[in-house]
Amino acid sequence: MDAADQNWWRGAAIYQVYVRSFADGNGDGTGDLAGVRARLPYLAELGVDALWFTPWYLSPLADGGYDVADYRTIDPAFGTLAEAEKLISEARDLGLRTIVDIVPNHVSDQHPWFRAALAAGPGSPERELFHFRPGRGENGELPPNDWPSEFPGAPTWTRVPDGDWYLHLFTPRQPDLNWAHPAVRREHEDILRFWFERGVAGVRIDSAALLAKDPDLPDFVQGDTPHPFVDRDELHDIYRSWRAVADEYGAVFVGEVWLPDAERFARYLRPDELHTAFNFDFMTRPWDAAELRRSIDRTLGEHAGIGAPATWVLCNHDVTRTVTRYGREDTAFAFAAKRFGTPTDLALGTRRARAAALLSLALPGAVYLYQGEELGLPEAELTPDRIQDPMHFRSGGVDPGRDGCRVPMPWAADEPYAGFGSTGEPWLPQPVDWAAYAADRQATDPASVLALYRAALRIRRTRPGFGDGPLHWLASPEGVLAFSRPGGLVCVVNTAAAPVELPAHTAVLLTSGPLAATGRLPRDTAVWLRA
Ligand code: NOJ
């Protein structure tokens, strides 16, 4: 492996596959590995470097697979381990690396460890792998503490019939592991090796800042540091030993680290810890040049000191799809603000999402695309009776939840279920106009979102100035972002109302939408220039 190959992750374009909704190979209405394997040529043609698979392990799917019952088995709904191995090697043959998703904070309530803990009873060594405690109150009828849930609106403790309570930051079907226990650490290092041995190039770490808990499990006091369960210092020792394992295989990590404090965030990216972490600050900002620039500067600043590359994310399987978010009055993203029936201008949102695509693909570092983003899929508004996401139920039905961004992909406009699978009704209903977004229709339309992504990714792969490296801001009017990258690339994004003059250039490489007749860059449009 040469150095460029070893450093692939510093500037990669990584495509997130939500297996359950990607492609249904066996026609049962649920996406599967056979479906992914059949679509590998599509992904190679799209021009991404790696695929991140959301959890594909044995799971009751109480939280879409983020409730793992066995890390060494593929869920039968998706396929078999032998198929996963084939998928990894077929993808590699097409130049696509594989990233798997590890969920270390919790397991499924069906995991053998948790079942054993329930059976073994209070005070048993089996219960020490989790956070079991007696309750408070006269008869132990009150939970051991008042910690808020990561899925707002519901408790974090559940009482079992023998009177003990167990901690779950997410749903009761996802008991939190006790990361102070050496067996928990040993087991996860073993799981990492299991997948690295199978040729996996990287691991996404779910809820990476939540694993360590204050051993006294004290009540939560707003503003208290250290926080009893977020971003605790003990975590860094865990990730240092994970890093040693990854280094044996030349594999890399991307952490799901939601932290408002830039300095604390950067600590996860020190040279002997995680290689990268998702940049959620950028993903949550509104469509506004000043806000985006603040986020870009903050991101590049926090990464500069530690030598880690930044990452750029516009959406994923947890948040409102980009074209929908940018088509609303409030273009920022916040979980707490999600509501049914929010008015949306999809034409406006799509214009902005196209511009945002060119922006994020031109920024220094790696970029993540979520399946369907390359088709400009909007968020689907599902009726409550079809929603399966626990986030919806735990909010008391107020939050529409995350299924709206998880609707099965449209592949072929003229086939049943827009080509997702031939026979079975998809596990989530597709909106009536889904076929209009089908990949086969977009593939032949030069004005489609898919055509834009293909062109952008091709340029990004073959021209200098993309991926890892410096960024230099150029003077620009209010509401406009303009920067150059080494090798002569210039990116200009106009979020203001009036069209703007393009800076001096020798060629227009790509625009997210038509330029004005005057050659100016219209509102909500981005351009890549050669200078
Ligand atoms: C973050 C994942 O992205 C989300 O889908 C999941 O519900 C939680 N972590 C809990 O695992």
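This is a predicted model: local features need pLDDT of at least 70, side-chain atom pairs count only at pLDDT 80 or more; totals for chains, interfaces and linings use all residues.
Residues are numbered from 1 along each chain as its sequence is written, and side-chain values use heavy atoms, with hydrogens and water left out.

**Stop 1: the ligand**

Select the ligand and its surroundings. Of the 13 residues around the ligand, the nearest are Asp-63, Asp-206, His-317, Asp-318 and Arg-402 (around here means having a heavy atom within 4 Å). Now look for polar contacts, which are pairs of N or O atoms within 3.5 Å; within protein, one must be able to donate a hydrogen and the other to accept it, and residues adjacent in sequence count only if both atoms are side-chain atoms. Asp-63 has a polar side-chain atom 2.6 Å from an oxygen atom of the ligand. For Asp-318, a side-chain N or O atom is 2.5 Å from a ligand oxygen, and for His-106 the distance is 3.0 Å.

**Stop 2: helices H6 and H7**

Next, select residues 182-197 (H6) and 234-249 (H7). Helices (H or I, at least four residues) and strands (E, at least two) are DSSP runs, numbered from the N terminus. H6 and H7 pack at an angle of about 25°, with their axes 10 Å apart; axes are lines fitted to C-alpha atoms, for helices over the stretch in contact, and angles run from 0 to 180 degrees between N-to-C directions. That makes H6 roughly parallel to H7 (an angle under 35 degrees). Show the side chains where they touch, with heavy atoms within 4.5 Å: among them are Leu-192 and Phe-196 in H6, and Trp-242 and Val-245 in H7.

**Stop 3: helices H12 and H15**

Move on to H12 (residues 346-362) and H15 (residues 449-462), which pack at about 10° with axes 10 Å apart. H12 and H15 are therefore roughly parallel to each other. Their contact includes Leu-358 and Leu-361 of H12, along with Leu-452 and Tyr-453 of H15.

**Stop 4: backbone details in the loops**

Most residues other than glycine have a negative phi, and most peptide bonds are trans. Where can you find a cis peptide bond? Go from Thr-225 to Pro-226, where omega is near -10°. Pro-226 sits in the loop between strand S9 (202-205) and H7.

Then select Leu-61, with a positive phi near 60°, in the loop between strand S3 (57-58) and strand S4 (70-74). Finish at Tyr-417, whose phi is also positive, near 50°; Tyr-417 belongs to the loop between helix H13 (390-394) and helix H14 (439-443).

Definitions and conventions
Angles under 35 degrees count as roughly parallel, over 145 as roughly antiparallel, 65 to 115 as roughly perpendicular and the rest as oblique.
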